[in-house]
Amino acid sequence: QVQLVESGGGLVQAGGSLGLSCAASGSAFSINAMGWYRQGAGKQRELVARITSGGTTNHADPVKGRFTISRDNAKNTVYLQMNSLKPEDTAVYYCNAEVTTKDSYGMHYWGKGTLVTVSS
């Protein structure tokens, strides 16, 4: 049992900032990496940013320089700080975790998503 719970979504004006968080909970698991994906209306889900348990990060080109992913391994929590938001950032943001359990290695788990709306 691994659960991902996102928080922090909402409505913000263009140019503003918003912070997202996602906490993983359960038992008998370890996290290899966590990340954020988003899916805008009429679009496919795409990677926003990813961070490994060792701290290696990557950010998708559209958000580089504006979004920053970070994590607290002790809390099994990943954060996404979003600055200089644009209307194009409007999407449902999903937390993702690469999880190793007793019975599987590197399986992907998903949160239910949190809506971020950026007004012009």
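Buried means under 20% relative accessible area, exposed means over 50%, and partly exposed is anything in between, with a 1.4 Å probe and protein chains only. Keep that in mind, please. At 12% relative accessibility, threonine 114 therefore counts as buried.

Some ground rules. This is a predicted model, where local features need pLDDT of at least 70 and side-chain atom pairs count only at pLDDT 80 or more, while totals for chains, interfaces and linings use all residues. Residues are numbered from 1 along each chain as its sequence is written, and side-chain values use heavy atoms, with hydrogens and water left out.

Back to threonine 114. It sits in strand S11, residues 114-119. Strands here are DSSP runs of E, at least two residues; helices are runs of H or I, at least four; both are numbered from the N terminus. The side chain of threonine 114 reaches the backbone nitrogen of glycine 9 at 3.3 Å. That is a polar contact: a pair of N or O atoms within 3.5 Å, where within protein one must be able to donate a hydrogen and the other to accept it, and residues adjacent in sequence count only if both atoms are side-chain atoms. Setting aside residues up to four places away in sequence, threonine 114 touches Glu6, Gly9, Leu20, Ala91, Val92 and Tyr93. Contact means heavy atoms within 4.5 Å.

Leucine 20 takes us to the sheet. Leucine 20 stands opposite leucine 80 in S8. Strand S3 (residues 18-26) and strand S8 (residues 77-82) run antiparallel, joined by 6 bridges. Two strands pair if DSSP finds at least two bridges between them. What is the order of the 4 strands in the open sheet? The order is S1-S3-S8-S7, with antiparallel pairing. Strand S1 (2-7) and S7 are the edge strands, each pairing on one side only. On average, neighbouring strands of this sheet are turned by 15 degrees against each other, direction ignored. The axes behind that angle are lines fitted to C-alpha atoms, for helices over the stretch in contact, and angles run from 0 to 180 degrees between N-to-C directions.

Next, charge. Side chains of opposite charge can pair when their charged atoms come close. The cut-off for a salt bridge is a side-chain nitrogen of Lys or Arg within 4 Å of a carboxyl oxygen of Asp or Glu. By this rule there are 5 salt bridges.

Start with aspartate 89. Its salt bridge with arginine 38 has the closest N and O atoms 3.0 Å apart. Aspartate 89 lies in the loop between S8 and strand S9 (91-101), and arginine 38 in strand S4 (residues 29-39), so the pair ties together parts that are 51 residues apart in sequence. Aspartate 89 and arginine 38 are both buried.

Aspartate 89 also forms a salt bridge with arginine 66, with the closest N and O atoms 2.8 Å apart. This pair links distant parts of the chain, 23 residues apart. Where is arginine 66 placed? It is in the loop between strand S6 (57-59) and strand S7 (67-72). At 10% relative accessibility, arginine 66 counts as buried. Beyond its neighbours within four places in sequence, arginine 66 is in contact with Gln81, Met82, Asn83, Ser84, Leu85, Lys86 and Asp89. Put together, Arg38, Glu46, Arg66 and Asp89 are linked in a network of salt bridges.

Another salt bridge joins glutamate 98 and arginine 50, the closest N and O atoms being 2.9 Å apart. Glutamate 98 is in strand S9 and arginine 50 in strand S5 (residues 46-52), 48 residues apart. Glutamate 98 counts as buried at 16% relative accessibility. Arginine 50, at 28%, counts as partly exposed.

Glutamate 98 also stands opposite histidine 108 in S10. S9 and strand S10 (residues 107-110) run antiparallel, with 4 bridges joining them. Their hairpin has 5 residues between the strands, and glycine 106 takes a positive phi near 65 degrees there.

Last item: rings. The structure holds 1 aromatic pair. Tyrosine 37 and tryptophan 110 form that pair, edge-to-face, at 4.9 Å centre to centre with 65 degrees between the planes. The rule takes rings of Phe, Tyr and Trp (its six-membered ring) with centres within 6.5 Å; planes under 30 degrees apart count as stacked, over 60 as edge-to-face, the rest as tilted. Tyrosine 37 is in strand S4 and tryptophan 110 in strand S10, 73 residues apart. Tyrosine 37 is buried, with a relative accessible area of 18%. Tryptophan 110 is partly exposed, at 37%.
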